[in-house]
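Hello,

Here is the structure for you to look through. Please open it first, then read the notes below.

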Amino acid sequence: LAKNIDNIDRSIGLCDTQEFLRSLGAVPTDSPPLQPGEVIQKCLDADQTSGRAEECLLCAFDVLNFLGEEFCNNNSELTATAWRMVAERTDWCHMATRRASCSDAEYLATLEAQPISQALIRFLEGKSTRDLNFPIQDVVLAHISNLLGSDFSEEVQQALLGSLQCGQGIW
């Protein structure tokens, strides 16, 4: 029964996201339901063309959340693209400046407002370490670090990992 409820929740989530994309014109109103990977790709594509770019990108993480770990592992390239896009939208220079000039509480507020944090919050919403059968903070930090390793400088990687480690309490 629980598995059936999870499947229904996933279907509703996919339909809701597709309707959101339709409202932006990213999906034709007469198109049939999209496959999960197509919904995520439309979110990423809409990020490039929509006036609601960040919201579209973050919707991809809602979809990744309710599709789960197995989907993310089986679609690692698509998952990696979403993480790269959200990391590119994060203002690492601003975060480094804030870290050097403000209190921990102010820095955490800055961190929470960044796209990378919003994506992590959406990606992890409703999950716990017990649900996922692995230490989520370690896995997320390693996952993002590995995804971004070749595309970002050592300085940006260190800022990313430092920010995420500092903000673990948010998630």
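**Thr-110 and Arg-98**

The side chains of Thr-110 and Arg-98 are joined by a polar contact of 3.0 Å. A polar contact is a pair of N or O atoms within 3.5 Å; within protein, one atom must be able to donate a hydrogen and the other to accept it, and residues adjacent in sequence count only if both atoms are side-chain atoms.

Before going on, note that this is a predicted model: local features need pLDDT of at least 70, side-chain atom pairs count only at pLDDT 80 or more, and totals for chains, interfaces and linings use all residues. Residues are numbered from 1 along each chain as its sequence is written, and side-chain values use heavy atoms, with hydrogens and water left out.

Where do the two partners sit? Thr-110 is in helix 6, and Arg-98 is in helix 5 (residues 92-101). Helices (H or I, at least four residues) and strands (E, at least two) are DSSP runs, numbered from the N terminus. In sequence, Arg-98 and Thr-110 are 12 residues apart. In space, their C-alpha atoms are 7.5 Å apart.

Is Thr-110 buried or exposed? Thr-110 counts as buried because its relative accessibility is 10%. Arg-98 has 26%, so Arg-98 counts as partly exposed. Buried means under 20% relative accessible area, exposed over 50%, and partly exposed in between (1.4 Å probe, protein chains only).

Now the neighbours, leaving out residues up to four places away in sequence. Thr-110 touches His-94, Met-95 and Arg-98. Arg-98 touches Glu-106, Tyr-107 and Thr-110. Contact here means heavy atoms within 4.5 Å.

Two packed helices are described by the angle between their axes and the distance between the axes. Axes are lines fitted to C-alpha atoms, for helices over the stretch in contact, and angles run from 0 to 180 degrees between N-to-C directions.

Take helix 6 (residues 104-113) with helix 7. Their axes are 5 Å apart, at an angle of about 70°. That angle makes helix 6 roughly perpendicular to helix 7. (Under 35 degrees counts as roughly parallel, over 145 as roughly antiparallel, 65 to 115 as roughly perpendicular, and the rest as oblique.) Helix 6 brings Leu-111, Glu-112 and Ala-113 to the contact, and helix 7 brings Pro-115, Ser-117 and Gln-118. By class, these are three nonpolar, two polar and one charged. Ala, Val, Leu, Ile, Met, Phe, Trp, Tyr, Cys and Pro count as nonpolar, Asp, Glu, Lys and Arg as charged, and the others, Gly among them, as polar.

Next, helix 4 (residues 76-89) with helix 7 (residues 115-124). Their axes come within 7 Å and cross at roughly 145°. On the helix 4 side are Trp-83, Val-86, Ala-87 and Arg-89. On the helix 7 side are Pro-115, Ile-116, Ala-119, Leu-120 and Phe-123. This contact has eight nonpolar residues, no polar and one charged.

Asn-65 lies in helix 3 (residues 53-74). Asn-65 is buried, because its relative accessible area is 14%.

**The whole protein**

The protein has 10 helices and zero strands. Of its 171 residues, 42% count as buried. Among contacts between residues at least 6 apart in sequence, 63% join residues at least 24 apart.

Best wishes
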